[in-house]
Amino acid sequence: MTETHAEQLALDGLAPRKRRKRAAAHKQAHELPVVQVVLDVQATHLGQTFDYLIDERFSVQALPGVMVRVRFGGQRVNGVIWNRVASSHAPASALRYIERVLSAEPLVGPSMREDITMIADAYGGTRANILRLAVPARVARVDKEREGIVSVRSADEGQSMLRAATRSALDREFDQVLRDYDSATRLRDAIEGGGFASFVLDMLPGAQRWAGDLALLAVDALASGKSAVLVLPGMRETRDIAGQLSRLGLRAFDAGQPVHSSYHGDFIVLSAALPPVERYRAYCAAASGAIRCVIGTRAAMYAPVEGPGLFAIVEDAAYQNADGMMPYANARGVLRLRAKAHRGVFVAMANARSPISQWEVSSGGKTGHSTPVSGASREIKPLRSVVKEQAPWIRWLNREELTRLADATVGARVPHFAVRTLGEALERGPVLLSIPHDGVAEALSCAQCHRQARCPRCTGPLMRGKDGTARCRWCGAAAANWHCPHCSGERMRAVRVGAAGTAAQLQGLFRGVPMVLSSPSQGIIESVPCRPMLVIATPGAEPRVRPDDSLSSQAAVSPQPAAAARSPASHNGDNDESEHASAPGNDSAPCNEYAAVAILDAWTSLYAPGVDARVDALNAWMRAVSLCAPRSRGGQALLIGESDPVLARSLVLWDSSLLAMRELEERAETGLPPVVACACVWGRRDAVMGLLRHVGALDGDLATLDMAGEMMPAVLGPVPIAAPRTMDAHELEATRDRVKAVIRAAPERRAMLALRLRDEVARHVAAREPGELRFQVDPKDLL
């Protein structure tokens with residue numbers, strides 16, 4: 001008789017639970033069985049390492065720097081092995097085993113682990129904060145590719161190949177750099193030699209001159225057996241550098257293709273804008289040591305390079321250089337810190353020299369007030385004769401100059417003299433008109449002398465509140481009984497600045513001329529053909545000029561036929577100047593430059609509220625003027641409108657150190673960075689006030705002296721700030737009283753201030769005290 005067995009059915013939801021499998025028995029590793037892991041947990045009070053045990057089957061793979069998966073607080077999290085030790089201070093019963101080794105090879109090398117620790121301490125963050133930003137999200141199939149790589153080109157082999165391919169071109173072009181820049185020999189000796197050195201390099205004008213010079217520095221570092229990390233303000237500049245490196249004989253690593261046996265290439269593009277697979281593959285290639293040149297945007301400052309090298313940043317004052325997440329590390333400070341730790345060379349390269357660069361050149365080393373992210377630097381300036389040859393003819397058309405030229409349209413947005421000059425330039429090629437803003441902003445100024453209205457307490461810009469009272473944006477003080485320090489005026493007026501309707505205004509002045517508008521709101525145009533047209537662009541959105549027949553047009557150009565614009569009025573007395581500006585010989589001129597550049601609404605630079613407002617304005621102007629043809633090919637640049645005389649003079653002479661020195665003098669008088677160290681603290685009022693008390697900002701512990709030897713207040717504010725857009729209605733009700741304060745301290749106390757802020761935020765989070773509490777050291781702005 002045959003027996004049959006049937007499974008008894010069960011109602012839905014009442015089926016018997018399956019038994020969990022017993023955990024496999026672990027065998028502790030024989031050598032160094034304990035690993036210290038930095039977990040991907042962003043809470044400040046959990047910033048230390050955590051100890052775990054290693055199973056013998058993972059003993060070979062569990063190396064310092066690899067990514068692992070562990071259990072923490074009832075959940076599985078990823079982490080990076082920071083160190084491997086023989087024992088732990090924790091009880092043996094409390095230690096767990098790592099569950100899995102995720103990466104085939106170390107992702108964070110020894111030097112990179114030390115750098116991450118120093119960066120976290122310098123900006124008041126944790127190692128987990130920096131790891132989240134430095135190491136891209138893991139992609140499993142890229143790790144499988146790394147397992148199949150059996151042969152990686154050694155650094156010495158790649159070095160010999162690089163030297164043979166590029167040495168002749170490098171020496172030939174570097175001789176030109178040595179002739180164009182003062183003290184450039186020191187820079188090359190530092191790159192090819194040993195030891196730490198820091199330099200501030202002012203750019204020469206020219207559409208691609210800066211990219212060619214920086215590429216030469218990078219190739220020289222690679223040819224000397226060192227690495228190179230170049231941080232650029234955007235992807236457009238990254239492509240410029242990539243093109244120059246390719247021109248010098250270097251090959252780009254293709255992160256879009258799977259890697260089979262080895263990494264091929266001489267430089268890598270690393271940016272947060274890359275797709276996740278490409279970014280992780282590029283990071284792994286750099287971490288392997290096979291490719292030692294990394295270029296890219298802000299994410300490239302965490303490039304996993306080992307040993308000495310060149311660490312360079314372009315436009316170090318740009319707002320893009322600060323991370324958007326805790327601890328808000330700045331690329332300039334990170335690169336300088338890493339260059340010093342690696343005994344390499346740091347270079348800050350910009351059109352407009354930043355105040356921190358000027359402080360390092362003038363007083364950073366003399367006073368001894370260096371910080372972990374700043375110190376003494378040497379300046380490298382272009383020779384005046386070279387600047388005069390390569391820069392366009394720059395003129396400042398303010399009221400005084402237009403009166404001298406007998407222009408009847410004094411005060412117009414585009415005076416007749418400018419219309420005539422631009423019309424003549426349109427006969428030779430495209431003309432760029434740079435406008436300051438895409439939208440509309442409001443500022444307060446003196447009704448009598450039109451200078452920006454500033455706070456008498458901290459020199460911050462004034463704004464009009466909802467109740468109509470003028471208050472400081474920085475310290476929140478009410479401007480009662482305000483009077484202008486320049487003309488003693490007592491009335492203020494609101495100035496509204498914007499760029500709406502610029503194209504419509506210019507259509508009446510330049511009839512029949514094609515017109516292109518490039519801005520974030522209208523769409524950014526990458527390039528325009530080298531033909532007569534008007535290009536209206538905001539800072540950073542200036543299209544490049546390309547040969548007319550090389551690429552198809554990307555811009556929606558007006559269908560009218562191209563024709564030279566004519567001024568509605570002629571001027572006597574300036575014919576000689578115009579003829580000099582439009583020198584003959586343009587038939588052989590390169591088709592990658594504008595015939596003329598005009599900076600419209602220069603007066604808006606007088607009312608910008610930021611601390612670096614003048615530096616940012618000069619940098620935007622110089623970047624636009626760099627796209628213009630030189631004086632020898634008839635290039636002209638016009639600065640139209642009233643502006644700060646030092647700011648305008650710096651542009652006309654192409655010498656940004658003039659403005660940088662003035663900025664440094666004024667900041668020494670008012671106690672602003674970089675003369676003092678600053679940190680912004682924001683959150684709920686009671687949390688912010690508690691932090692200020694605990695770090696010693698209210699009891700005079702952090703107070704410093706001004707130029708007159710008097711004590712400056714350590715705290716500016718607090719001032720009310722708006723709630724973030726991500727906050728819902730319920731959270732908004734609970735955190736309505738949201739404020740911001742600025743803490744000031746002497747530069748030598750910056751490191752102590754960062755650690756105090758971190759400890760206080762960690763205590764706030766660990767105690768589960770209510771309310772938001774955040775901080776940022778070395779902020780770009782104080783608003």
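Which residues of helix 16 are buried? In this predicted model, they are Ala613, Arg614, Val615, Ala617, Leu618, Asn619, Ala620, Trp621, Met622, Arg623, Ala624 and Val625. Helix 16 also belongs to the elements that give two or more residues to the lining of the second largest pocket.

**Helix 16**
- Helix 16 is mostly covered, since twelve of its 13 residues are buried.
- From its first C-alpha to its last, helix 16 reaches 18 Å.
- That reach is close to the 18 Å expected at 1.5 Å a residue.

**The second largest pocket**
- The second largest pocket holds about 1200 Å³ of space.
- Its lining is made up of 39 residues, and those closest to the pocket centre are Arg451, Gln452, Arg454, His486 and Asp644.
- Two or more lining residues come from each of strand 19 (492-498), helix 16 (613-625) and helix 18 (657-670).
- Helix 18 gives the most to this lining, with six residues.
- Sorted by class, the lining has 18 nonpolar, ten polar and eleven charged residues.

**Strand 24 and its partners**
- Strand 24 covers residues 596-599, and both of its faces are covered.
- Strand 15 (residues 431-434) runs parallel to strand 24, and four bridges join the two.
- In this pairing, Ser434 stands opposite Ile599 of strand 24.
- Strand 25 (residues 636-640) is also joined to strand 24 by four bridges, and these two strands run parallel.
- Here Ala596 stands opposite Gln636 of strand 25.

**Gln358**
- Gln358 lies in helix 10, which spans residues 355-362.
- The relative accessible area of Gln358 is 5%, so Gln358 counts as buried, the cut-off being under 20%.
- Leaving aside neighbours within four places in sequence, Gln358 is in contact with Arg353, Ser363, Ser657, Ala660, Met661 and Leu664.
- Helix 18, which covers residues 657-670, therefore includes Ser657, Ala660, Met661 and Leu664 among the contacts of Gln358.

Key
Residues numbered from 1 in each chain as written. Predicted model: local features only at pLDDT ≥ 70, side-chain atom pairs only at ≥ 80, totals over all residues. Heavy atoms only, no water. 1 Å grid on protein atoms, 1.4 Å probe; cavity = no way out; pocket = protein on both sides within 12 Å on 5 of 7 lines; lining within 4 Å. Points joined across faces, edges and corners; volume = space filled by probe spheres on them. Nonpolar A, V, L, I, M, F, W, Y, C, P; charged D, E, K, R; others polar. Buried < 20%, exposed > 50% of the residue type's maximum accessible area, 1.4 Å probe, protein only. Contact = heavy atoms within 4.5 Å. Expected span 1.5 Å × (residues − 1). Pairing = 2+ DSSP bridges.
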